[in-house]
Amino acid sequence: MRLANECSFKTMTEHRKKILVLCPHPEGYVPGQRLKYEQYFSSWRSNGFEVTVKPFFNEATQKVLYKKGHFLQKVSGTLGSYCRRLAQLFTVPQYDIVYVFLWVTPFGPPLMEWLVSKLAKKMVYDIDDLVYIKHSKAEPWYALFLKGRNKPMFLMKKADHVITCTPYLDEYARKFNTNTTDISSTINTDTYVPVNKYENTDSPIVLGWSGSHSTIRMLKTIAPVFLALKKQIRFKLLIMGSTDFELEGVDVETTEWSEEKEIPTLQKMDIGLYPLPNEEWVLGKSGLKALQYMALGIPPIATNIGCTNRVIEDGVSGFLVSAEQEWIDKIVLLANDPTLRKTMGMAARERVERYYSIKANEAVYLSILQSVSDKK
């Protein structure tokens, strides 16, 4: 009996398909990875896949990557990352699927990407940003070369399947590959739990924003809104992800992001803000910040551009705005009406559960991996 069980386990293990994930950052560090494919690893593993993750940057380099200074550590860390990536190429043929997120290496022509495409049995390419666009018409060809802007198009062509995150990005990917699937960033609704009591007390209403050092400029575009709001409501502005925001006369609380603090900080917010500029790169964003607010039952107010009108039903699960006065009007409306905040917050939570949760999308990922691994 014991021998039979051992043989059965051995057979099951031998049939597990192996996935190699090549990504920029270590697990648990950046939203683009954490709230996209990383949170499906347990589902993949429990459904017969063996997952190995090989990030480009190691944890030591990652911790200083976006900090000022540390130049030598960044350079040596990047060079070491290239050496590790080169060594990892020898293991690629051992895997049934290579899952590439954004790129294999960050700079230069798609040489490493070409090698992976030649060595991989099957390849899935996941892109969640318009990393290929030029940010200036004056940007010279050699800048594009050094920044590796041609890598996404190369990977789209060579992949057996391309996973995107917005209709705009999916339409672009179809110029290079007919096998694409648009999967938005998604939320683990088991860990994102609403706690807001939707009450107006003596405490100020908390207007919240979540982002990073590189995106704080978007919040700064609506600074005049906060100055105007001072005359109408009592509020505190809670910022997570950057400490680079001050506004005279406005109560501002800032905190650096950490995985442990993320959900508890978001739960302190009464209204979630998601301002966006009218720029092309926004069309590659899936509306992740809005989804995080919504999953916690926090009504969002977002700029009406890109995917925000797919994520938010205007007037039902949040508000979409375009002008400065609209920002002011909608914030005041929600701040003064706790019942409306609750109604919208619960509608927002329900929408995430139905369309943008892990439970709603895990079968989509599994079907892609299964169809690619079975492809002859």
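Helix H15 (residues 324-336) and helix H16 (residues 338-355) pack at an angle of about 100°, and their axes lie 5 Å apart. Axes here are lines fitted to C-alpha atoms over the stretch in contact, with angles running from 0 to 180 degrees between N-to-C directions. H15 and H16 are therefore roughly perpendicular to each other (that label covers 65 to 115 degrees). Helices are DSSP runs of H or I with at least four residues, and strands are runs of E with at least two, numbered from the N terminus.

Who touches whom? On the H15 side there are Leu333, Leu334, Ala335 and Asn336, and they meet Pro338, Leu340, Arg341 and Met344 in H16 (contact means heavy atoms within 4.5 Å).

## About the model

This is a predicted model, where local features need pLDDT of at least 70 and side-chain atom pairs count only at pLDDT 80 or more, while totals for chains, interfaces and linings use all residues. Residues are numbered from 1 along each chain as its sequence is written, and side-chain values use heavy atoms, leaving out hydrogens and water.

## One face of H12

In helix H12 (residues 259-266), the buried residues are Glu262, Ile263, Thr265 and Leu266. Buried means under 20% relative accessible area, exposed over 50%, and partly exposed in between, using a 1.4 Å probe and protein chains only. Looking down the H12 axis, these buried residues fall within an arc of 165°, so they line one face of the helix. That arc is taken from the directions from the helix axis to the C-beta atoms.

## Cysteines on their own

The disulfide count is 0, a disulfide being a pair of cysteine sulfur atoms within 2.5 Å. Cysteine 165 is in no disulfide, with the nearest cysteine sulfur, in cysteine 307, 7.1 Å away. Cysteine 165 is buried, at 1% relative accessible area, whereas cysteine 83 is exposed at 55%.

Conventions. Parallel < 35°, antiparallel > 145°, perpendicular 65-115°, else oblique.
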